[in-house]
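Here is a short briefing on one protein chain. Keep the sequence and the 3D view open while reading.

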Amino acid sequence: MTDPVTDNSRAPPSWRVAPVSPRSQWTGYLGVLPFAAALLGVAAAPSLELREFALRLGLAYGAASLTFVGAVHFGLVIARRLPGTFAVTLAATLPSLAGVAAILLGGQRGIALLTVSFGLFWLYESRRCGDLLPPAYLNLRRTLSLAVCALLALTMFAADSSGLR
C-alpha cells in the first residue's frame, strides 16, 4: 500500500509546483488588516473603552485566524495531502485550543499567547511539514505569519503603554 502523502499519483500534477493564486495572496494580505486596525485602535483610540474594544478585536480576530490556520492542515489531513497520524491531527487542532485559551486569558496575556502560537505553528509548518507543502504556500505563510506576529507584539506593547492589561 502506498502512502497517500508521498505518492503523488493521486495528487494533481501541479500540487508541488503550483503558485498561490493572486486572489488568494490578496485575501491573505487583506486578512492582516484587522490586526493593524487593532494595533491602531489600542495605540491611538481617544477613550479607554475604544482601546479596550480594539484589544478585544485583536484577540477575537487573532483566535479566529489561528483556528483557520489549523483548519487548513486538518483539511489537508482529510484530503490525504498530510499524513493522518495522531501527531499531525493533534497539531492541526492545537491552534484552535490556543485561540480559545487566548480569549479566556484576555488582554496582554491573550495577545502574547496568540503571538507565540502563530510563531510556533509557522515553525511546525515549515520545519515538520515543509517537504509536504507547496513552496509557494510556505512562502506566503511565512510572510503572513511574520506580519501577524509583529502586529500582535506591537499591540501588546501598545496595550501596556495605554494602561490596558
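## Core, fold and charges

The largest nonpolar core holds 37 residues, and those touching the most other members are Val 42, Leu 82, Phe 118, Leu 133 and Leu 152. Two or more residues of this core come from each of α2 (33-44), α3, α4 (86-105), α5 (107-128) and α6 (135-161). The most comes from α6, which gives eleven residues. The model is predicted.

**Nonpolar side chains**
- In soluble globular proteins, nonpolar side chains tend to be buried together.
- Val 42, one of the core residues named above, touches Arg 51, Ala 54, Leu 55, Thr 155, Ala 158, Ala 159, Ser 162 and Leu 164, leaving out residues up to four places away in sequence.

**The chain as a whole**
- The chain has six helices and zero strands, so its elements run α-α-α-α-α-α from the N terminus.
- Its C-alpha trace spans about 60 × 35 × 20 Å along the principal axes.
- Of the 165 residues in the chain, 43% are buried.
- The chain exposes about 9,300 Å², and 69% of this area is supplied by carbon and sulfur atoms.
- Among contacts in the chain with a separation of 6 or more, 75% are between residues 24 or more positions apart.

**Ser 65**
- Ser 65 lies in helix α3, which covers residues 48-78.
- Is Ser 65 buried or exposed? Ser 65 counts as buried because its relative accessibility is 14%, and the cut-off for buried is under 20%.
- Apart from neighbours within four places in sequence, Ser 65 is in contact with Phe 35 and Phe 118.

**Charges and salt bridges**
- Side chains of opposite charge can pair when their charged atoms come close.
- How many salt bridges are there? The count comes to two.
- Arg 165 and Asp 160 form a salt bridge through their side chains, at 2.6 Å from N to O.
- Arg 165 counts as exposed because its relative accessibility is 64%, and the cut-off for exposed is over 50%. Asp 160 counts as partly exposed, at 40% relative accessibility.

Key:
Residues numbered from 1 in each chain as written. Predicted model: local features only at pLDDT ≥ 70, side-chain atom pairs only at ≥ 80, totals over all residues. Heavy atoms only, no water. Helix = DSSP H or I, 4+ residues; strand = E, 2+ residues; numbered from the N terminus. Buried < 20%, exposed > 50% of the residue type's maximum accessible area, 1.4 Å probe, protein only. Contact = heavy atoms within 4.5 Å. Areas by Shrake-Rupley, 256 points an atom, 1.4 Å probe, with all protein chains shown as cover. Core = buried A, V, L, I, M, F, W, Y, C linked by side-chain atoms within 4.5 Å. Salt bridge = Lys/Arg side-chain N within 4 Å of Asp/Glu carboxyl O.
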